[in-house]
Amino acid sequence: MTEVGKARKRKEDARLLTGRTQWTDNLRQPGMLHVMFLRSPMAHARITGVDVSAARDLPGVVAAFSGQDFAAEQGSLPCAWPVSEDIVIPDHPPMAVSEVRYVGEAVACVVATDRYLAADALEAIEVDYEPLPAVLDMNEALAPDSPKVHEAGNQAFTVKITSGDVEAAFRDAPVVIDRTYIQQRLIPSAMEPRSVLATTDGDSFTLWSATQIPHVLRVMLAVVTGIPEHKIRVIAPDVGGGFGSKLQVTAEEVLCLLLTKRLGKPVKWTESRSEGNLTVHHGRDQIQHLRLAAEADGRIRGLQVELLADMGAYLMLVTPGVPLLGASMFNGIYKMDAYEFGCTGVFTTKMPTDAYRGAGRPEATYGIERMMDELAAELRLDPLEVRRRNWIKHEEFPFTTISGLTYDSGNYEAATDKAMALFGYDKLRAEQADRRDRGDPVQLGIGVSTFTEMCGLAPSRMLGAANYGAGGWEHGSVRMLPTGKVEVVTGSSPHGQGHVTAWSQITSDALGVPFEDITVLHGDTAIAPRGMDTYGSRSLTVGGIAVLKACDKVKDKARKLASHMLECSPDDLDFAEGVFKVKGTDSQKSIQELAYAAFTAHDLPEGVEARLDSDATFDPENYSFPHGTHLCAVEVDTETGMAKIRSYVAVDDVGKVVNPLIVEGQIHGGIAQGVAQALYEEAVYDAEGNLLTTTMADYLLPTAMDLPDFVTDRTETPATSNPLGAKGVGEAGTIASTPAVVNAIVDALRPRGVHDIQMPCTPERIWRALR
């Protein structure tokens with residue numbers, strides 16, 4: 001049996017689950033100091049004075065600094081995605097010098113012998129502020145008389161994309177649906193808070209960070225601080241989750257590096273959970289105005305999308321690009337004649353937004369899937385029937401969509417048919433009709449989400465065309481050790497996805513080496529010097545393929561050596577299950593034997609090196625396009641507003657599956673986060689710009705008790721963009737689930753005149769909508 005496709009338990013779980021591992025806050029260095037940051041209590045103000053002298057005199061305090069102390073060397077935090085010619089990218093000092101623009105922005109710091117002494121000493125720092133008006137509402141921010149977040153104004157950028165004749169599509173259209181949806185602001189809540197430890201030997205620097213992007217971080221630290229790149233080593237040890245929140249170059253990473261440079265000692269910072277809610281970049285936060293034109297039979301003629309996207313106070317690493325990742329996805333799996341997308345980025349005095357699980361794709365999928373249900377209601381058709389009349393049929397692939405992407409493969413019919421059977425769709429519709437006829441106070445709603453997404457963030461040429469500041473390639477190396485064991489080195493840095501297990505399975509099949517004889521190294525720029533890291537469901541479809549291609553190169557080297565040792569032509573050798581065998585004979589050599597022969601180098605043919613080790617870089621020709629059908633049944637108590645998910649079915653197509661257990665875990669976790677947006681989570685600011693949801697008592701995260709059992713299954717339509725046929729899976733559950741849940745709630749209440757509930761769909765909001 002091959003390894004690919006086997007439900008292997010994860011190699012890494014034993015040490016991760018028992019804590020027998022290294023994470024950043026667990027690290028200790030001789031003479032290590034701790035830094036804590038004083039953060040602005042005001043959303044917008046000028047800094048007229050900072051006095052740290054009293055803090056410096058307290059026991060255990062080694063140093064205290066203001067932003068002014070680092071003004072000459074701290075640079076500006078980077079934005080790597082200038083999405084338009086009119087974009088405004090303001091300076092973003094890691095520690096504020098003259099003005100603060102959101103509550104939580106660092107204004108000073110204390111370095112002490114332990115973190116508690118440092119935290120206590122913050123109280124001795126005096127900061128004088130001159131208050132300025134907070135800017136919180138996006139529509140008001142764009143008004144000519146609005147207070148300015150930055151001198152250049154509150155408009156960060158505008159983007160307009162048009163395909164087809166939009167005016168003709170809407171002219172005399174029998175049906176036009178016009179809706180506005182709110183994507184509320186979310187706070188990423190990874191299991192492990194952010195943590196940074198910087199050290200120096202006087203000439204070079206090592207930075208440990210709970211980051212998703214050690215390679216990108218190394219480059220950006222060199223750019224921001226001026227420290228030569230070859231003098232910086234970045235290590236991401238075992239990282240406890242990220243979901244995009246650790247796809248960032250943070251103020252604390254830059255400042256810890258500069259502090260250790262200045263003090264000559266190791267400096268560590270670990271955030272508290274409430275500090276994280278304030279200062280981890282937030283997600284979503286869009287106002288979506290959508291117009292859809294259709295024929296009387298439900299066929300879509302055109303779609304118009306106009307977004308306002310809240311950037312927060314600054315543009316961070318990929319902030320402006322996030323809403324544009326959805327630009328090609330608002331059309332979803334559907335055919336149409338015309339499409340128009342517009343987006344305006346808006347500065348406000350809030351924590352900046354950036355990538356959060358799905359990054360633009362969940363927002364787009366929510367928009368189109370809500371509109372498909374609205375179209376079905378307008379025409380009094382079943383929501384699945386409207387989708388069938390519009391989606392791309394399986395025989396039409398590859399298919400170039402109205403937004404210009406070419407979907408390589410898919411079978412929406414198969415996924416939907418399987419989901420309907422598992423869900424008991426017709427039976428639930430009959431129960432729904434019965435409850436409506438009886439006037440049952442607890443109504444049943446059925447929600448549909450038939451989705452696709454673009455992921456595997458690549459290829460480089462497409463990213464270049466979008467003006468993204470980096471490529472989408474990935475690197476992998478395979479080392480054949482003398483004893484026949486294998487070390488795989490990957491530039492894709494995991495933070496819980498199961499890379500070590502999946503990469504071992506791929507390598508085992510490719511080289512015929514036992515799964516147990518393979519180890520995977522990652523996350524350290526001194527060990528894995530090349531990589532573009534982990535985000536956008538790209539690890540397997542880009543990083544895993546780089547490893548597979550490195551394995552192919554190992555086999556090519558081994559074939560040359562085997563042909564020499566077996567005295568035959570390379571073309572006369574068959575390779576299977578780790579053994580090169582001369583055709584028609586019993587003469588053979590295992591790849592492990594060849595690894596030892598290369599190591600001894602006693603009898604190497606001309607031009608063959610004393611190693612089989614190989615590396616490869618993979619840059620795909622296209623994104624990958626997983627898809628699926630998610631169905632949700634929700635019971636809504638019309639007297640109390642309480643919504644409870646009764647059943648949830650997800651049938652996903654992620655192409656060729658390497659490890660079904662890992663896929664199940666990714667789908668389950670993704671659905672949980674999507675359901676959380678639909679029902680529970682929301683970052684709330686008051687009128688002065690204070691974040692009110694700074695703790696888990698205020699920011700509601702669902703527990704296992706709040707979620708139903710998920711029924712999951714798969715169809716398999718291999719991708720054509722990579723040799724494994726794999727598609728991304730890490731964000732699929734999040735992208736599909738939010739509209740499925742909200743569509744179900746609205747479906748339950750539609751006979752009572754409700755056609756939208758603003759997320760999160762709390763009992764109070766549902767109760768008020770009914771009244």
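The legends below describe close-up views of a predicted model.

View 1. When neighbours within four places in sequence are left aside, the residues in contact with Gln443 are Arg435, Arg436, Val634, Glu635, Val636, Thr638 and Ala748.

**View 2. Where domain 1 meets domain 2**. The domain assignment gives domain 1 as 13–132 + 191–241 + 246–279 and domain 2 as 360–453 + 625–770, and the centres of domain 1 and domain 2, taken over C-alpha atoms, are separated by 38 Å. In this view, 7 residues of domain 1 are in contact with 9 residues of domain 2. Domain 1 and domain 2 bury about 550 Å² between them, with 58% of that area on carbon and sulfur atoms. The side of domain 1 that touches domain 2 consists, by class, of 4 nonpolar, 2 polar and 1 charged residues. Between domain 1 and domain 2 there are 2 residue pairs in polar contact, while the count of salt bridges is 0.

**View 3. The salt bridge between Glu374 and Arg750**. The side chains of Glu374 and Arg750 meet at 2.8 Å, N to O, and the pair links distant parts of the chain, with Glu374 in helix 10 (residues 361–379) and Arg750, 376 residues apart from it, in the loop between helix 19 (732–749) and helix 20 (763–770). Glu374 counts as buried at 2% relative accessibility, whereas Arg750, with a relative accessible area of 22%, is partly exposed.

**View 4. The salt bridge between Arg646 and Glu431**. Arg646 is partly exposed, with a relative accessible area of 36%, and Glu431 counts as partly exposed at 23%.

**View 5. The salt bridge between Glu609 and Arg611**. Here the closest N and O atoms are 3.5 Å apart; Glu609 is partly exposed at a relative accessible area of 45%, and Arg611 is partly exposed at 40%.

Terms used:
Residues numbered from 1 in each chain as written. Predicted model: local features only at pLDDT ≥ 70, side-chain atom pairs only at ≥ 80, totals over all residues. Heavy atoms only, no water. Contact = heavy atoms within 4.5 Å. Domains from an automatic or database assignment. Buried area = accessible area lost by both parts, 1.4 Å probe. Salt bridge = Lys/Arg side-chain N within 4 Å of Asp/Glu carboxyl O. Polar contact = N/O pair within 3.5 Å; in protein donor to acceptor, adjacent residues only side chain to side chain. Nonpolar A, V, L, I, M, F, W, Y, C, P; charged D, E, K, R; others polar. Helix = DSSP H or I, 4+ residues; strand = E, 2+ residues; numbered from the N terminus. Buried < 20%, exposed > 50% of the residue type's maximum accessible area, 1.4 Å probe, protein only.
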